[in-house]
Amino acid sequence: MITTTEITDVKKRIIEESLKLFMKYGVKSITMNEIAQSCGISKRTLYENFEDKDELLSICVKTMNAHSRNENQLLEDKSKSVLDFFMQSVQQLGEKTSQVNPTFFRELHKFHPNIAKEQLEHVENTVIPHMTALIQKGIAEGVFRTDINIELIIRLLLSQFDHIINSDFIEKVKVPVPQIFQTVILHFVRSIATQKGLKNIEAFGKIK
């Protein structure tokens, strides 16, 4: 008889392996059969844990968001200031995006609209409030300007990411994806920085 603990371990392994496959190859090309083979389990075991690909993908995206939150929190905890956090995030973002197939989010929106909607809700309920708090902290530290519309600049930033992901922008510019996202974040931080903030940014050196 399979214990509850064993079932939980199998489910976790399926989620982690599926997430790796989706992020490496995109969403559309990966089948449930390939996931089962990659996990070393039968399709029956896979479907005993997940009703269909949509349910598995939804949990994978939620897991990805949870990993991202944990990584950001660890980075935030060890950062000396908000600006330090942002600058280190630029480096970290480069490492993350280099591991993700550019079609991942594009296919998510095109072929799995319900999951894309869940992701938008995550952005509204978690990402935007967190970024708002960080910018407010940066204002208090004197590195970000007081005359900015915080919600507007955050939504402008996110709209840039959305355009980059869901258009042929990446193919057109022919620049490595990490460099694209690093440039967007770096320009964003510079655009809202005070003179004190700009001096601190320069102290970090150029992002390559």
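Helix α5 (residues 82-97) packs against helix α11 (residues 195-204) at an angle of about 40°, and their axes lie 11 Å apart. The angle makes α5 oblique to α11. Oblique is what remains once angles under 35 degrees (roughly parallel), over 145 (roughly antiparallel) and 65 to 115 (roughly perpendicular) are taken out. The crossing of α5 past α11 is right-handed, a term for the near helix being turned clockwise from the far one by less than a right angle. Leu83, Asp84 and Met87 of α5 make the contact with Gly197, Asn200, Ile201 and Phe204 of α11. Contact means heavy atoms within 4.5 Å. By type, the residues of this contact are four nonpolar, two polar and one charged.

This is a predicted model: local features need pLDDT of at least 70, side-chain atom pairs count only at pLDDT 80 or more, and totals for chains, interfaces and linings use all residues. Residues are numbered from 1 along each chain as its sequence is written, and side-chain values use heavy atoms, with hydrogens and water left out.

Helix α5 also meets helix α7 (residues 113-140). Their axes come within 9 Å and cross at roughly 130°. The two helices are therefore oblique to each other. Here Val82, Phe85 and Phe86 in α5 touch Leu134, Lys137 and Gly138 in α7. These residues divide into four nonpolar, one polar and one charged. Ala, Val, Leu, Ile, Met, Phe, Trp, Tyr, Cys and Pro count as nonpolar, Asp, Glu, Lys and Arg as charged, and the others, Gly among them, as polar.

| Helix pair | Angle | Axis distance |
|---|---|---|
| α5 and α11 | about 40° | 11 Å |
| α5 and α7 | roughly 130° | within 9 Å |

Axes are lines fitted to C-alpha atoms, for helices over the stretch in contact, and angles run from 0 to 180 degrees between N-to-C directions. Helices are DSSP runs (H or I, at least four residues), numbered from the N terminus.

Two loop residues follow. Valine 27 sits between α1 (4-25) and α2 (32-39). Its relative accessible area is 0%, so valine 27 is buried (under 20% relative accessible area, 1.4 Å probe, protein chains only). Not counting residues up to four places away in sequence, valine 27 touches Phe22, Lys53, Leu57, Phe104, Glu107, Leu108 and His112. Its C-alpha atom is 9.4 Å from that of asparagine 101, 74 residues apart along the chain.

Serine 167 is in the loop between α8 (150-165) and α9 (169-173). It counts as buried at 17% relative accessibility. A polar atom of the serine 167 side chain lies 2.5 Å from the backbone oxygen of histidine 163.

Methods: Buried means under 20% relative accessible area, exposed over 50%, partly exposed in between (1.4 Å probe, protein chains only). A polar contact is a pair of N or O atoms within 3.5 Å; within protein, one must be able to donate a hydrogen and the other to accept it, and residues adjacent in sequence count only if both atoms are side-chain atoms.
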